[in-house]
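Subject: Structure handover

Hello,

Here is the structure we talked about handing over. Please open it first, then read the notes below it.

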Amino acid sequence: MTSHTDIAGFVSSVASLRSRNSFNPYSDVCDQVDTERSPQIRCSNLASVLDACISAERCSLWIGRDLGYRGGRRTGVPLTDEIFLQDYGAAIGARNLQKATRGPAMAERTAHVVQGLLRQIKTSVFMWNVFPLHPYEEADPFTNRKHTAQEREMSRFAIDWLVNRLSIDVVIAIGRDAELALAEMGITAVSARHPSYGGQRDFARVIQNIYETTQAAEPQLTLF
């Protein structure tokens, strides 16, 4: 049985990761939008979500590639932006999630599509990334880049830990990069097209087939 101490140790291990041109939301402070307490809040958010999903009778594991600067970098919860943070927490029983940044809440396109589909699913879903930090282009921290093989290897322990602790019914790889990375790790996953850049309908179709949902999640918000 996984204890609160185990979860705290996992979060601490992720918070200790360091890589050049990467932002660790669980230990780094962004001078543009954060306060001194922001990393602590994001650690608490992650721990609360993880505790709720580990306690669930069954749980799906959805894995993307990296944290995005509009979503998980700000919330500490992968594939979840500030608009949907409370809704996601309520859906899985993690009701104490908090906004960690200053200023207005920011939306992320991928998070919008993902969270729309999550509202149709009855099982708990824990979301993660192959590389759990936000990698960015040099000298521009508000961009997204693909993580390196070295970054993937240094953070592999996190996925191994999650696979061993969650009562997983299915692993879903979101996007081709995540699919290839999980295959390299020997983890069986259902492949789903990434919902950005025109992949929303294909992504929704895969999710609906797995969970037998009845309607697609069509984005209604203007995010940019």
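This is a predicted model: local features need pLDDT of at least 70, side-chain atom pairs count only at pLDDT 80 or more; totals for chains, interfaces and linings use all residues.

Helix α2 passes helix α4 in a left-handed crossing. Helix α2 covers residues 38–55, and helix α4 covers residues 85–92. Their axes lie 9 Å apart, at an angle of about 30°. Angles under 35 degrees count as roughly parallel, and that makes α2 roughly parallel to α4. On the α2 side, the contact uses N45, V49, A52 and C53. On the α4 side, L85, Y88 and I92 take part. By class, this contact has six nonpolar residues, one polar residue and no charged residues.

Next, α5 and α9.

Helix α9 spans residues 200–211 and packs against α5 at an angle of about 30°. The two axes are 11 Å apart. That angle makes α5 roughly parallel to α9. Here the crossing is right-handed. From α5 come R109, V113, V114 and L117. From α9 come Q200, F203, A204 and I207. The classes in the contact of α5 with α9 are six nonpolar, one polar and one charged.

Then α1 and α7.

How do α1 and α7 run, roughly parallel or roughly antiparallel? Helix α1 holds residues 4–15, and helix α7 holds residues 156–165. Their axes come within 10 Å and cross at roughly 160°. Angles over 145 degrees count as roughly antiparallel, and α1 and α7 are therefore roughly antiparallel to each other. α1 passes α7 in a left-handed crossing. D6, I7, F10, S13 and V14 make the contact from α1. F157, A158, W161 and L162 make the contact from α7. Seven of the residues in the contact of α1 with α7 are nonpolar, one is polar and one is charged.

Last, the pocket.

The largest pocket has a volume of about 640 Å³. Its lining counts 26 residues. Which of them lie nearest the centre of the largest pocket? They are T110, N144, H194, S196 and Y197. Three elements each supply at least two residues of the lining: β2 (59–66), α5 (109–118) and α8 (176–184). By class, the lining of the largest pocket divides into eight nonpolar, nine polar and nine charged residues.

Best wishes

Note on methods
Residues are numbered from 1 along each chain as its sequence is written. Side-chain values use heavy atoms; hydrogens and water are left out. On a 1 Å grid over the protein atoms alone, a cavity is a set of points where a 1.4 Å probe fits but cannot get out, and a pocket is an open set with protein on both sides within 12 Å along at least five of seven lines; lining residues have an atom within 4 Å of a point. Grid points are joined across faces, edges and corners, and a volume is the space filled by probe spheres set on the points. Helices (H or I, at least four residues) and strands (E, at least two) are DSSP runs, numbered from the N terminus. Ala, Val, Leu, Ile, Met, Phe, Trp, Tyr, Cys and Pro count as nonpolar, Asp, Glu, Lys and Arg as charged, and the others, Gly among them, as polar. Axes are lines fitted to C-alpha atoms, for helices over the stretch in contact, and angles run from 0 to 180 degrees between N-to-C directions. Angles under 35 degrees count as roughly parallel, over 145 as roughly antiparallel, 65 to 115 as roughly perpendicular and the rest as oblique. A crossing is left-handed if the near helix is turned anticlockwise from the far one by less than a right angle, and right-handed if clockwise. Contact means heavy atoms within 4.5 Å.
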